Amino acid sequence: MLCLGFIAAQAQQTEPSVEARKAALPALKGQERMAALLDLANGIESASPQEALVYAQEGLSLAVAQGDRNREAAFLTSTAYCSGQSGDYPKAIEYGRRALALSTQLGDKDRMAKAHNALAITYTFVGSYSQALDEAIESLRLREELGLEKAVTQSLNLIGVVYHNSGQYDKALDYYGQILKRIDQHPDNKRLILTRLNIGFAQFKMGRLEEALANHQAAFALSRETRDDSYLAYNYMNLGMTYSELRKFDLARENLRLARLQYAKFNHRHGLVQVLNASARMHLLSGSYRQGIPIAREAAALASVINARDERKRSFELIAELHEKLGETAEAYRAFKQAMEIKDSIYTIQESNKIAESTMKIVTIRKDNEIEALKKERVIASLQLERNRYFLAALVLGLGTLGTAIVVMAVHSRNVRRNREALRRSNDALARINLELQERMNEIKTLSGLLPICAQCKKIRNDQGYWTQLESYVSEHTSATFSHGICPNCAEDLYPEAMDRMRKRTGSTP
């Protein structure tokens, strides 16, 4: 589930002030109209991204026509953000890159950081976590350089969300903890509410339900105390999901209902998909299987509209589970198959291959440099040994006394031993490096050693700390490919009623 923590705060202006600005807009022209459009787009982009997108695109056209490159960069960033929130991810990436390129030309580091931030959000939505992390880190670097404290905490939060969505909850909690330390030095109730919600959500995903509930309730209490409803929908949804897992279904149902109303009010379609899936999950846990199916199908349809593939996969998984609980094997199988097709379209080995190739290049370059250095040392040692030999011959011929010859020979003997030892060490080191390189090449081509594997979902953690599918890891390291089926034992576990009916019908184990 895509955490809503990286979504910017909802506009603080009251609804009448927004309406007043909209009413004044037709009378404005030129620079005044562009300023008003940018103000409106930024003010409602989180609450109503589709409406904000209309203002941003009109403003972009005006800025280009009037040659106002600073406002053009601002409207490009707003268009990228709103497109991502509306589910048009290709457009979000295109405009985000245009915003970054123009901001870089202008030398506007603050606008560059915002463009990186918008790209990171979009890459998180589409599951390209390594790219999202790169963009978020660059946004953080620029904002720290500029000393923008509030913006820095936003970037820290976004990095935490990227780790959160990639399943690395411990790392996410580390970044949320950094935000809490900064809030202690620079109090910010809005940021504290969001951070408590994100910490609670991470704890929820880790199964720490009581800790999660405590953080969600603390965030809710602070929201009521400060009369700040910026993250109210997110708070209701977190409470609803946690109460569902705690089997407190009346509380779960009410909080999810309130969350759905809030998201519908601001036309937050991604949030609506999440709430619908959470509601279907509540029906699954509470045993009201039939009521959960249409809710999960509604979530799947909306997820398809906004191209939220992770949530759509989750919807079909829920549909499959609900049908299976009702003994409707055929419908369960169809929904499960759709979920697997979506999963295959999401989880490719392209990103892991890219990381593996980069790692191999780094290792190879480093080893090549070490080998070349050792070769040079060996040549130098050989030359020094040869030079000493000629030097000894010259001394022996030039010296007239036995005493001088003995002294020279002793010195030479010591140098020879020292050079031979240096040559031996260089040869040993060269042999060791060659062996290490060969072993590393073998590790890249085949599976060997200990593989960290998740006991639940069977994902494997690679060298960079990312969790990848077992099929992707094996395909990457071997020449094997996979096809999917279901074995008799798993069929018995997943569809016992169907298997029992087949045995009764055929008189034997199918």
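A residue counts as buried here when its relative accessible area is under 20%. By that rule, 45% of the 510 residues of this protein are buried. Keep in mind that the model is predicted.

First, the whole chain. The protein has 22 helices and two strands. It exposes about 26,300 Å², and carbon and sulfur atoms supply 54% of that area. If you take the contacts between residues at least 6 apart in sequence, 60% of them join residues at least 24 apart.

Now two helix pairs. Two packed helices are described by the angle between their axes and by the distance between those axes.

The crossing of α2 past α3 is left-handed. Who makes the contact? On the α2 side it is G30, Q31, R33, M34, L37, L40, A41 and I44. On the α3 side it is P49, E51, A52, Y55, A56, E58, G59, L62, A63 and Q66. By class, that contact has eleven nonpolar residues, four polar and three charged.

The other pair is α8, residues 149-165, with α9, residues 169-185. Here the axes come within 7 Å and cross at roughly 165°. α8 and α9 are therefore roughly antiparallel to each other. α8 passes α9 in a left-handed crossing. From α8, the contact residues are E149, V152, T153, L156, N157, I159, G160, V161, Y163 and H164. α9 supplies Y169, K171, A172, Y175, Y176, Q178, I179 and R182. Sorted by class, the contact of α8 with α9 has ten nonpolar, five polar and three charged residues.

Is L272 buried or exposed? Its relative accessible area is 14%, and the cut-off for buried is under 20%, so L272 is buried. Leaving out residues up to four places away in sequence, L272 touches R260, Y263, A264 and L302. For a distance, take L272 and A259: they are 13 residues apart in sequence, and their C-alpha atoms are 8.2 Å apart in space.

Terms used:
Residues are numbered from 1 along each chain as its sequence is written. This is a predicted model: local features need pLDDT of at least 70, side-chain atom pairs count only at pLDDT 80 or more; totals for chains, interfaces and linings use all residues. Side-chain values use heavy atoms; hydrogens and water are left out. Axes are lines fitted to C-alpha atoms, for helices over the stretch in contact, and angles run from 0 to 180 degrees between N-to-C directions. Helices (H or I, at least four residues) and strands (E, at least two) are DSSP runs, numbered from the N terminus. Angles under 35 degrees count as roughly parallel, over 145 as roughly antiparallel, 65 to 115 as roughly perpendicular and the rest as oblique. A crossing is left-handed if the near helix is turned anticlockwise from the far one by less than a right angle, and right-handed if clockwise. Contact means heavy atoms within 4.5 Å. Ala, Val, Leu, Ile, Met, Phe, Trp, Tyr, Cys and Pro count as nonpolar, Asp, Glu, Lys and Arg as charged, and the others, Gly among them, as polar. Buried means under 20% relative accessible area, exposed over 50%, partly exposed in between (1.4 Å probe, protein chains only). Accessible areas come from the Shrake-Rupley method with a 1.4 Å probe; for residues, only the protein chains shown count as cover.
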